[in-house]
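Subject: Handing over the structure

Hi there,

Here is the structure I promised to pass on to you. Have a look at it first, and then read on for what turned up.

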Amino acid sequence: MKRGKFSNEDRIRCEILTMQRTGKSKTPRRHGPKKASSTEKDPVGVYCRIRPLGAEDEECCVDMISSSTIQLHAPDGLKANRNGEYKETQYTFKKIFGINTTQIELFEEIAKPLIDDLIDCKNGLLFTYGVTGSGKTFTMTGAPGDGGLLPRSLDMLFNSIGSFQAKRFVFKPDEKNGMEIQNQVDALLERQKRESQQSVPKTPSSRQRADPEFADMISAEEACKSENVDEDCCYSVFVSYVEIYNNYIYDLLEDASFDPIRSKPPQSKILREDQNHNMYVSGCTEVEVKSTEEAFEVFWKGQKKRRTANTQLNRESSRSHSVFTVKLAQAPLDADGDHILQDRNQVNVSQLCLVDLAGSERTSRTRAEGSRLREAGNINQSLMTLRTCMEVLRENQMYGTNKMVPYRDSKVTHLFKNYFDGEGKVRMILCVNPKADDYEETMLVMRFAEMTQEVEVARPADGPIYVLPAGRRQRHQASRDEMSRRIEERGGPGNSDDPNLLNRLIESLPALPPSEVVDAFDDQTLPRLVEVLEKRQHIRQMISEQFKTKANTLMSMLQQFDNQHSAKETFLHNQQSKLNEKDKVVVSQRTELERLEKKSKMLEYKIDILQKTTDMYEQDKRSLQHELETREQRLQRELGERRRLEQRMHGVVTDTRHKWEKECERRVNAKQLEMQNKLWVKDEKLKQLKAIVTESSSTGGASSTECPEKPARPSRERDKNITQKRSASPSPTPGNVFKTRGGGQAVQFTDIETLTQECPTAPSRKRRSGSAEGRVQRENNENVPPVSSSSHGYQK
C-alpha cells in the first residue's frame, strides 16, 4: 500500500517537472468552435408521461403524488419483499404529466424551448424512453388531428422563418456534415439540373396534395412561432431520417434502384467524425424542405420503411431506434440587405434530433423467437449500453474519476456522444404504462431515468454575433418601396407598356373632323383637318419634350444612383479594409487568447496535480493519524492487560508460596514422624537385644523376673491434627480443576508422587549371619508393624 502511494507521488512530481521544462501540458482534445467554453452545466431534463390504461378494469401500479413525484407500488399478485410485505417506491422527475395531458401542453413545456434554441444556433436532443407499449411513438408522432412533438416542432419552425427562407439550393450540404453557400445563378442551375435528372430524388413540392394519413395534424388555433428570429438572416431547413436496427444504421430516405430480377437489400451507413469532432452518419440523404407539409411528407416516407412487427405486447412494436434530424442553416445578409454573404465561415448550422427509442422488453413476456428474439436482444443491449454510459458519466462527475465512457459499444450512444459532451441540451421523456403487468420493467426504467437526472451536460454557447448593423432587410425593403413610389409619381417607364394608359393618351388628343371632300371647291374641310393635325403635332411635341425631360431626369437619377452605388462600394471597400484590419487584430487577439488559454490550462493542470498531491498527503496524514490512534488504543489495551496479568501473576505467586510453605511444613512433620518411628524401632530393638543378652546371662532367676515395660510409641495425634488442618485450609489443589459434561468437577493432577515401602520382614540375601545378633534383628523386624501411607512414610 505504501509502495503504491510513493509511486503515485513520484509520477506526479515527474509530470510537474516535465511541464516546467517543456512549458506544455496534456490538455484534452478540444472540440469545434461551437463547443461550450463556459464551465456552467445543466442536468439532463427528464420528464415523465403516464398513458391511460387500456381498460377500466385493469390493475394500476402507478400513482401520481405531485407534479414532480410519482409512486410505484407492487401489484396484488407480487410480493416485493421476502417477508411478504408490499414495497412502495417513489421517484422524482423534473415534471410529471398525467393521463389528461394534451399534446400541446407537452410540446410547450418540452419541445418549444428546443426550437427556440435551434433558431438561436444551439443544438438539441430529445428522445422518448420506456417499456414497449408505453406511448413513445404516439408522444413523438401523434395521430391525425392530434399531432405529437415532431409535427408541432416542424410547424413552429416554419411559422417562425417562413418569410425569411432562402431560395432552394442556395444552401447545399457538403457531404461532410457542413454547408456550402451558392449564389443565385448557381442555385438556379442546380435547380434546373435536379429537375432534368429523373433518377435524383426530387424535393417534394408543397403544391402536391397532402397524404390523408397525416393531414390536419395541427389545427390553426394551436399554431405558434418563435420571437428569436433574426430578420437579417436567411434560413434553410434540411431533414434526414435514419433507423438503428440490430446495431446497424440504415437511411430511410434513400431511394434504392428498383431491380425486378434481383432486389438488393438496403446498405448500412457508417458513422464519421467531422472537422469539429462531431459525429454524423456518412452518406445520409438530406432533403431541403420549405414547409411543414413537405417536411412531414418526407418523415412519413421514411416512416413507412421503418421496421415494425406484431408482438405479444404491442400490435405495431418498433423493432429499431429512429432518429429524425432537423438541420437549420442560416447566414447573414450583406450590408445592403439584398443578398446573402458569400462566406462559408458565416454559415451557422444547428440541428435538433428527435429520437424514438425502441421499447425495452423481456423475451419471456413477448415470446419472441428467431429474428424477433435477435431484435429484442439487440434492443436491450443498446439500451443497456445507454444506461452504462449514463452511470459512468455520473460517476465521473460526482466522484472526480476519469473512467472511459463506452460510447462505441452501441451506435445509439456513439451517434449522440457529442450531446453528452456539451453540444446542446438533452431532454428525455419517460413514457410509463401504469398497468400491473409492466411493474418490473417500469421499475427498472424509472431507476435509470432518475439516475440520468444526476448527469450534467455543459451549457452550449450563445449564438453568433454579427458585425453588420441590424435592420438591413427592412431598410432594403423600404428603399425599394420608396423607389417604386417615386417612379410611379414621375410617370416613369414602369407603366409605359400599360395598354390602358396608351388608350387614355390617344383619347386625350383632339378628335379628327370629318375629312370627306364633296367637291373641288370645298375650302373648309382641309383647313380644319390641317388645324387638328397641327394641334396633334403640337401635343406630340409637348409629350416628346416631356418624355425627354423625364428621360433626362431618370438618367440623372440613375447617374445619382450609380454615384451612390460607387460611393457605397468605396465605403464598403473601406469598411472591408477596416474589417480586414480588425480581423488581423482579432486573429492576433485570438492567438493571444489561445496562448493564455493554454497557459491557463497548464496552470489548472498544475493546480490539479498539486491538489491531488495535497489530497494524497492529507489522506496519508489521516491514515497515519488513524494508525497512531489505533496503536495508542492498542498500547492502552496492552498496558491494561499487563496490569491485569501482573495482578493475576502476583496472586498466583502468593498462592504458590502458601502452597509450598504448607507442603514444606507437611514434609517436615512427616520427616520428623518418620525419624521418631525409626528411633522408636531402634529403641525397641535395643531393648529386645538387652533382654536377650540379659536372659542368656542369667540362669534361673530371670524367668521369674518381669519384663520391663515397652516404651510408648510416639503419638500420632499431632500428625492427625496436621492432616485436619491441611484439609480445612483452602490450599490449592495439586492439579487443574475443570468441569465435566455431567455438571461435576474433575481434577487433573500436575504433581506425581512415588510411594515406596520398605519391607522389614524381607531377609537379607547379601549378609547371612549366624550370630544371635542377626537373629534378634530379624525377629525384631518381624515384630515391627509396616509403615502405612497415612503416616507419610513415602518418598516423593
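Helix 4 and helix 6 touch through two sets of residues: Leu150, Pro151, Leu154, Asp155 and Phe158 on the helix 4 side, and Thr292, Ala295, Phe296 and Phe299 on the helix 6 side. Contact here means heavy atoms within 4.5 Å. The residues of this contact comprise seven nonpolar, one polar and one charged; Ala, Val, Leu, Ile, Met, Phe, Trp, Tyr, Cys and Pro count as nonpolar, Asp, Glu, Lys and Arg as charged, and the others, Gly among them, as polar.

Before going further, a word on the basis: this is a predicted model, in which local features need pLDDT of at least 70 and side-chain atom pairs count only at pLDDT 80 or more, while totals for chains, interfaces and linings use all residues. Residues are numbered from 1 along each chain as its sequence is written, and side-chain values use heavy atoms, with hydrogens and water left out.

Back to the pair of helices. Helix 4 covers residues 149-161 and helix 6 covers residues 292-303; their axes come within 9 Å and cross at roughly 150°. Helix 4 is therefore roughly antiparallel to helix 6 (angles over 145 degrees count as such). Axes are lines fitted to C-alpha atoms, for helices over the stretch in contact, and angles run from 0 to 180 degrees between N-to-C directions. Helices are DSSP runs (H or I) of at least four residues and strands are runs (E) of at least two, numbered from the N terminus.

How much of helix 4 is covered? Twelve of its 13 residues are buried, including Arg152 and Asp155. Buried means under 20% relative accessible area, exposed over 50%, and partly exposed in between (1.4 Å probe, protein chains only).

Two other places are worth a visit. Val457 sits in strand 23, residues 456-458, and counts as buried because its relative accessibility is 5%. Beyond its neighbours within four places in sequence, Val457 has contacts that include Lys41, Val44, Tyr419 and Phe420. Val457 and Tyr419 are 38 residues apart in sequence, with 7.7 Å between their C-alpha atoms.

Arg447, in helix 11 (residues 439-452), is partly exposed, with a relative accessible area of 44%. From Arg447 to Gln90 there are 357 residues in sequence but 10.0 Å in space, C-alpha to C-alpha.

As for the whole chain, it has 17 helices and 25 strands, and 35% of its 796 residues count as buried.

Enjoy exploring!

Terms used
Angles under 35 degrees count as roughly parallel, over 145 as roughly antiparallel, 65 to 115 as roughly perpendicular and the rest as oblique.
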